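Me: Got a model here that I'd like to talk through. Can you take a look with me?

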Amino acid sequence: MFLQQLINALTIGSLYALTAMGATLIYGILGILDIANAGAYLVGAYVGWYVYYATGSIVLAFLVSMLVVGLLGIFLQRAIYSPILAKPRTLSIIPLVAAVGLFTISSDAVRLICGPNSKAYNLKFPMEVIRVGKVTIQPAWLMIFVLTAILLAILWFILNKTKLGLAWRATAGDREIALVCGVNTNNAMALSYILGYGFAAAAGIMTGILYNNITPALGEVPSYKMLAIIVLGGLGNPLGTVIAGLVIGIAEVFLSVYTKIPIPKDAIAFVVLIIMLLVKPEGLLGRRNKV
Amino acid sequence: MMKKALSITLSLLMILSLVVFTGHVAEAANDTIKIGFFAPVTAPSAAADGESALNSAKLAVKLVNENGGINGTPVELVDLDDGLDTTAAANIAEKFAGDNSIAAVVSGSYSGPTKVAAPIFQEAGKLMVSAYAVHPDVTGAGDLIFSQSFPGAVQATGAAVVAAEQLKATKIAIIYVDLDFGTTQVNAFKAKLEKDYPNVQVVYEQGVSIKDSDMTSLVTAAGASGADLIYSVNYYEQAAEVLRQVGMQGLNIPVLGTEGADSWMLLEIAQEYANGLYITTNMNRDDQNEQTQAYIKNYREEFNKEPDMVGASVYDAFQVLFEAMKNVGTDTQAMKEFIANMKNFDTVTGTLLYYNAEGSAVKPIQVQLVTNGEYHYFGVVDDAQIIDPANY
């Protein structure tokens, strides 16, 4: 059972990492906790569902959803976050409150437009469940592993091997100095949003496929759990977020299965976070612009 | 001068509209029998149940009106959405309780909202029939509160009998939603096993938050525990995920669910993995009773969806009220006496044998089995010692 539970934990951990990556990128460059990323996760799952049912293509569902939600991210950055942050002496809680408001609006908008009922992807994979002895690997898990790895590899490439990535890292390091040095910080911020919201959309679709079920409440748990993950990962540190996602996934599975811990599974992320902050306050990997 | 004339004209118009509006309300109040209704229509985790409940309430009112209403007086449905929120339920209860034009109320909601609303109605002297809430505190609120279905403890005690005698289980894993719905039933289930089936062991037991979508690791652990039956006390979304994981992990373990898994949405989410699911519920789709088959036919025609126990229970709650109103009018005390003394009343969810002193309906527990993506008859638990909660 141990090996099976480890695979279960890594699956859920991968999904957590991808879900929290958007908020990490945005924190890395703007220093705000963008709860609205959970709204992108929700909207992405629904856009993907409609595209899948209209076209029958899950690849198209991923691409269209990531693009639409990514562009929505840029729009929100330009229309809401940038004007708020441009005001002198803006309290750090103001963009957070705006993000909470946007998340609430997105949940209610999805409920009103798409209805409160569950929707099932009913995706048929072209392969059966893999069974090796008593261990099983489900097709949806393979999809999550592979897609998460591809998306994170793309992220690594963009951040480390492109001029835009260099601009992102420079802006994340010190926005004012980057600006003085001629870095286009607006483009760097746009990159954060299109990637961040696009990744969240992909994570939303994967969750919908994994559980064969999406509802307007899909973003509720990620809206707070992603905070624990990005803080644990070192606030704005993409690599730390991947490790933190896996750590939380493993902690949730093993603590809920092997111990009689009297707290809900969703609270375990915060218990891990508190322990980590007591031992290593800077998070798992510290520096926020390390990629 | 013009301004003054305009002011006078507008004032007269306002007074006239007030008179017309007030007159309309008074007229409506006298010409219809209003029944208050609430259900979790917009709650994402309960929306399928909310939809079934509201549809069935509308169907019940539509059909009674098509057949001449209550002794010639049409019925008017006043429906509100509690969103599965206890604060909203309390506000709805206060609104209905303070509205003298509401003759009685039907709850189409879960235990949480219903048990918050029940004492408010009792205090205000308003009669309420709960359709399917399982918590004993609902009818425990007072003598004006009735339930047309059995409480959770009855269903779970019946489930223990089904598990031990019909499914021949000896080692049971329990996965339950950590709410009143789950804990009430798990406690009654284990109590029955300990009392009458000491050879049956509970080898695994885990509660889950209603917000938790992931059942993978719990099902893995249940499978590794050596269980030969999984008792899944969950609402349709989580019950569906338990079934999917049991199927995809290749566990050859039958699953026994509850009325929480009696939903068209479970079949939609779980797909082929729903086949082989046993549930305890109050609705037998294969019952050839005229009322049951008529309800199923009417529901399908009206809403193009499959009916479920939630909808059927709501429909029955209205039938209980209609029967009382047809016989004794809308006086609360008269309706209370009539319902308390009802016997062998035919409903969609079987024969309501009688109401016990707590206001709970006593009726047989149906056991359904999902085959080919449909719920079908598997068995029934009708032992009088089990189905009357007063015996516990």
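Me: How many residues of domain 1 of chain B are in contact with domain 2 of chain B?
Reply: 20 residues of domain 1 of chain B touch 20 residues of domain 2 of chain B, contact being C-beta atoms, placed from the backbone, within 7 Å. This is a predicted model, where local features need pLDDT of at least 70 and side-chain atom pairs pLDDT 80 or more, while totals for chains, interfaces and linings use all residues. Residues count from 1 along each chain as its sequence is written, with chains lettered from A and ligands numbered from 1 in the order written.

Me: Which helices each supply at least two residues of that side of domain 1?
Reply: In chain B, α2 (47–66), α4 (111–124) and α12 (309–328) do; helices are DSSP runs (H or I, at least four residues), numbered from the N terminus.

Me: Switching to the two chains, how many residues does the contact take from each?
Reply: Chain B puts in 28 and chain A 29.

Me: And what gives the most on the chain B side?
Reply: α8(B), with five residues.

Me: Now chain A: at what angle do α6 and α8 pack?
Reply: About 100°, for α6 (163–173) and α8 (185–211) of chain A, with axes 9 Å apart. Axes are lines fitted to C-alpha atoms over the stretch in contact, and angles run from 0 to 180 degrees between N-to-C directions. So α6(A) and α8(A) are roughly perpendicular, a label for 65 to 115 degrees.

Me: Which residues meet there?
Reply: Among them, L164(A) and W168(A) in α6(A), and L191(A) and S192(A) in α8(A).

Notes: Parallel < 35°, antiparallel > 145°, perpendicular 65-115°, else oblique.
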